[in-house]
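Welcome, and thank you for taking a look at this model. Let us walk through it together, one part at a time.

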Amino acid sequence: MTTFLYSNPICLEHLTPPGHPERPDRLRALEAVFEHENFAPLKRLEAPMAAEDSVLLAHPERFLARVKAAIPEEGRARIDEDTSVSPRSLEAALISVGGALAAVDAVMDGETDNAFVMTRPPGHHAERDKAMGFCLFNQAAIAARHAQKKYAVERVAIVDWDVHHGNGTQDIFYDDKSVVYCSTHQMPLYPGTGALKETGQGNIFNAPLSANDGSDHFRDAFKSRILPALENARPDLIIISAGFDAHHRDPLAEINLVADDFDWATGKLMDIASRYNGNRVVSLLEGGYDLLGLAESAGSHVLRLMRG
């Protein structure tokens with residue numbers, strides 16, 4: 001089956017301050033990659049805007065109200081030191097959620113084996129009641145809840161290889177055994193969470209890496225901690241929080257991965273999916289702030305998804 005690629009030009013209109021690493025050029029760099037003939041088989045779809053009620057699958061109403069109230073009529077406003085919004089940021093965030101939900105629907109309904117959602121802002125730092133770390137809504141968490149609610153999925157696995165720990169996703173599912181959260185990330189580093197001892201109800205599997213670790217350490221963490229957790233969970237759906245800021249060129253961390261590492265990790269997750277859930281994989285763009293490193297890594301990731 002053809003891999004689905006979801007995007008929407010409105011996500012370019014979520015504007016951040018000059019010099020901010022989470023910028024519209026990230027999507028432009030990916031758009032240029034996916035214009036190559038290697039990606040011609042991708043089925044390209046416009047990510048729809050989710051209904052605001054979809055946010056409530058993972059966040060309370062008061063949180064949604066605070067985010068809406070923070071959106072300025074013009075210019076930019078700050079939610080915190082790292083997280084800013086502009087007039088179309090709410091639309092972009094709802095499109096990021098909508099793309100994730102559409103991808104889950106397509107995979108669960110058998111329209112495609114897998115999908116990549118190329119939207120921004122990212123989501124994995126958004127806690128149940130707090131926007132932070134460039135993130136407004138946690139689309140991975142919302143997508144997992146959507147799969148459970150609409151398709152009665154019993155066990156969802158979220159695998160997060162962004163170089164920054166997905167504190168938001170961990171926060172939302174810390175006491176929920178129906179969702180397994182697995183993360184490789186640099187530690188210590190923002191946001192300061194992700195220690196081995198943070199295990200939730202036996203459903204949280206952190207595999208922290210140290211500054212200057214490279215491919216061998218990353219793959220060992222996957223093989224020793226992430227993959228055994230997934231084998232034990234036998235997930236009905238795998239959602240990837242696909243950040244590419246562990247690439248050696250990225251300015252926000254000190255992990256030294258190369259594009260082939262993301263190809264390898266994608267293949268390992270697809271092996272799990274082929275054994276336990278009929279190949280169902282949904283990948284959501286998170287971080288990645290060096291444009292060349294992002295382009296190389298995401299390109300390798302999507303090519304692996306396309307190979308099936």
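Six bridges join strand S7 to strand S8 (residues 204–209), and these two strands run parallel. Before going further, a word on how to read the numbers: this is a predicted model, in which local features need pLDDT of at least 70, side-chain atom pairs count only at pLDDT 80 or more, and totals for chains, interfaces and linings use all residues. Residues are numbered from 1 along each chain as its sequence is written, and side-chain values use heavy atoms, with hydrogens and water left out.

Helices (H or I, at least four residues) and strands (E, at least two) are DSSP runs, numbered from the N terminus. Two strands count as paired if DSSP finds at least two bridges between them. In the pairing with S8, Gln-186 has Leu-209 as its bridge partner. S7 also pairs with strand S6 (residues 156–160), again in the parallel sense, over five bridges. There, Val-159 stands opposite Cys-182 of S7. On the way from S6 to S7 the chain passes through helix H6 (residues 167–173), making a right-handed β-α-β crossover. Right-handed here means that, with the strands pointing away from the viewer, the path from the first strand over the helix to the second runs clockwise.

Is strand S7 mostly covered or mostly open? S7 (residues 179–186) is mostly covered, with eight of its eight residues buried. Buried means under 20% relative accessible area, exposed means over 50%, and partly exposed lies in between (1.4 Å probe, protein chains only). Val-179, Tyr-181, Ser-183 and His-185 point one way from the strand, while Val-180, Cys-182, Thr-184 and Gln-186 point the other way, and all are buried.

Helix H5 (residues 139–151) has 13 residues and spans 17 Å from its first C-alpha to its last, close to the 18 Å expected at 1.5 Å a residue. That expected span is 1.5 Å times one less than the number of residues. Buried residues of H5 include Ile-142, His-146 and Gln-148. After H5 comes Ala-152, with a positive phi near 55°.

The largest nonpolar core has 100 residues, and those with the most contacts inside it are Phe-34, Phe-137, Trp-161 and Phe-222. Helix H4 (residues 89–108) gives the most to this core, with 14 residues. Such a core is a set of buried Ala, Val, Leu, Ile, Met, Phe, Trp, Tyr and Cys residues joined through side-chain atoms within 4.5 Å.

**Aromatic pairs**

Rings of Phe, Tyr and Trp (its six-membered ring) pair if their centres lie within 6.5 Å; planes under 30 degrees apart count as stacked, over 60 as edge-to-face and the rest as tilted. By this rule the count comes to 10 aromatic pairs. One of them joins Phe-4 and Tyr-6, whose ring centres are 6.3 Å apart with planes at 65°, so the pair is edge-to-face. Phe-4 counts as buried at 5% relative accessibility, and Tyr-6 also counts as buried at 5%.

The rings of Phe-34 and Phe-116 likewise have centres 6.3 Å apart and planes at 65°, so this pair is edge-to-face. Phe-34 lies in the loop between helix H1 (25–33) and strand S2 (43–46) and Phe-116 in strand S5 (residues 114–117), so the pair ties together parts that are 82 residues apart in sequence. Both Phe-34 and Phe-116 are buried, and together with Phe-39 they form one aromatic cluster.

**Backbone details in the loops**

Most residues other than glycine have a negative phi, and most peptide bonds are trans.

| Site | Feature | Value |
|---|---|---|
| Arg-120 and Pro-121 | cis peptide bond | omega about 5° |
| Met-187 and Pro-188 | cis peptide bond | omega about 0° |
| Phe-134 | positive phi | about 75° |
| Asn-279 | positive phi | about 75° |

Pro-121 sits in the loop between S5 and H5, and Phe-134 is found in that loop too. Phe-134 counts as buried at 14% relative accessibility. Pro-188 belongs to the loop between S7 and S8. Asn-279 lies in the loop between helix H8 (259–276) and strand S10 (281–285), and at 30% relative accessibility Asn-279 counts as partly exposed.
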